[in-house]
Amino acid sequence: MSLIDTVVMRGLSTQGALSQEDKALLLGLELSPRYMSASEVLWQESEDADLFCVVKEGWAYSYRNLKNGSKQILKFYLPGDIIGIRDFGFTRRLASAAMINKGVICPFSYKQLFELFGRSSLAAGIVATATRQQAQLSERLIYLGKYSAHEQLAHFLYEIYLRLKRIKAVRDNSFFMPLTQELISDALGMSPVHVSRTFSMLRDEGLVIRNRQHVKLPDPEALARLVEFNDSYIDEFLPPSFSELLKASP
């Protein structure tokens with residue numbers, strides 16, 4: 001399976017959206033195949049993120065190791081899929097990746113991807129923004145699937161706190177949150193009554209004070225420690241290599 005033979009690329013080619021130069025660039029991503037054994041790890045979470053892989057043969061998957069020793073699988077990759085796109089825009093890997101069975105992968109670098117973008121900073125920025133949004137959805141999948149209600153709400157509130165802090169909408173660890181208990185319950189898969197009880201638990205522990213639409217975290221770090229919050233998926237800055245690659249454009 002070639003990257004150019006994937007469903008999306010075939011569709012673009014049929015519509016005339018891919019030039020011969022575009023096809024040549026895509027095929028150029030598959031010139032350095034690596035033969036992988038079953039269960040071989042491609043990379044570990046928190047390692048430097050500097051390349052992607054096209055799966056030519058075999059199956060692979062991405063996953064996160066959780067604090068209880070279990071594993072949350074995020075995605076299965078089939079021949080023709082690209083592994084590592086969700087890390088684009090981050091300096092470190094958000095998840096680990098490994099083969100399921102033996103196969104062949106073709107690694108390619110950020111530099112090669114920038115060539116596909118035509119070295120456009122706008123294109124790179126839009127894709128980086130999209131992958132960051134996807135990373136937030138993946139993180140929600142993890143804590144909804146494995147955490148207790150107590151931890152789910154703590155994680156949710158701390159994530160909101162960090163996102164608001166980035167846009168300078170937090171004052172003295174307090175912020176405006178115009179979310180009803182019904183909206184929060186729909187987001188977390190809990191009943192409104194359960195949300196109310198869990199807020200009370202966090203209040204009694206001195207972690208969250210909620211007054212209508214205003215929330216205060218007396219000790220944000222303690223809330224983060226409760227769920228072993230990994231803030232790498234809300235990384236604030238694009239990797240330095242992005243600027244270097246764009247400056248190197250002709």
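Predicted model: local features only at pLDDT ≥ 70, side-chain atom pairs only at ≥ 80, totals over all residues.
Close-up 1. Arg92 sits in the loop between strand 6 (82–83) and strand 7 (96–99), while Asp48 belongs to the loop between strand 2 and strand 3, so the pair ties together parts that are 44 residues apart in sequence. Arg92 is partly exposed, at 43% relative accessible area.

**Close-up 2. Glu45 pairs up with Arg64.** Here the closest N and O atoms of the salt bridge are 3.2 Å apart. The partners come from distant parts of the chain, 19 residues apart: Glu45 is in the loop between strand 2 (41–43) and strand 3 (51–57), and Arg64 is in strand 4 (residues 60–65). Buried or exposed, what is Arg64? Its relative accessible area is 8%, and since anything under 20% counts as buried, Arg64 is buried. Glu45, at 22%, counts as partly exposed.

**Close-up 3. Asp87 and Arg93 meet out of the solvent's way.** This salt bridge joins the side chains of Asp87 and Arg93, at 2.9 Å from N to O. Both Asp87 and Arg93 are buried.

**Close-up 4. Helix 5 crosses helix 7.** Helix 5 (residues 149–166) packs against helix 7 (residues 192–204) at an angle of about 75 degrees, and their axes are 10 Å apart. Angles of 65 to 115 degrees count as roughly perpendicular, and helix 5 and helix 7 therefore fall in that class. On the helix 5 side, the contact is made by Ala149, His150, Leu153, Ala154 and Leu157; helix 7 brings His194, Val195, Thr198, Phe199, Met201 and Leu202. Sort the residues of this contact by type and you get eight nonpolar, three polar and no charged.

**Close-up 5. Helix 5 end to end.** How does the span of helix 5 fit with 1.5 Å a residue? The 18 residues should span 26 Å, and the end C-alpha atoms are 26 Å apart, which agrees. Helix 5 is also mostly covered, with 15 of its 18 residues buried.

**Close-up 6. Helix 6 meets helix 7.** The axes of helix 6 (residues 181–188) and helix 7 come within 8 Å and cross at roughly 100 degrees. Helix 6 and helix 7 are therefore roughly perpendicular to each other. From helix 6, Gln181, Glu182, Ile184 and Ser185 touch Pro192, Val195, Ser196 and Phe199 of helix 7. The tally for this contact is four nonpolar, three polar and one charged. Val195 and Phe199 of helix 7 turn up here and in the contact with helix 5 as well.

Close-up 7. Ser39 has phi near 70 degrees and sits in the loop between strand 1 (34–36) and strand 2. With a relative accessible area of 55%, Ser39 is exposed. Asn173, not a glycine either, has a positive phi of about 65 degrees and lies in the loop between helix 5 and strand 9 (174–176). Asn173 counts as partly exposed, at 26% relative accessibility.

How values were computed. Residues numbered from 1 in each chain as written. Heavy atoms only, no water. Axes fitted to C-alpha atoms, helices over the stretch in contact; angles between N-to-C directions. Helix = DSSP H or I, 4+ residues; strand = E, 2+ residues; numbered from the N terminus. Parallel < 35°, antiparallel > 145°, perpendicular 65-115°, else oblique. Contact = heavy atoms within 4.5 Å. Nonpolar A, V, L, I, M, F, W, Y, C, P; charged D, E, K, R; others polar. Salt bridge = Lys/Arg side-chain N within 4 Å of Asp/Glu carboxyl O. Buried < 20%, exposed > 50% of the residue type's maximum accessible area, 1.4 Å probe, protein only. Expected span 1.5 Å × (residues − 1).
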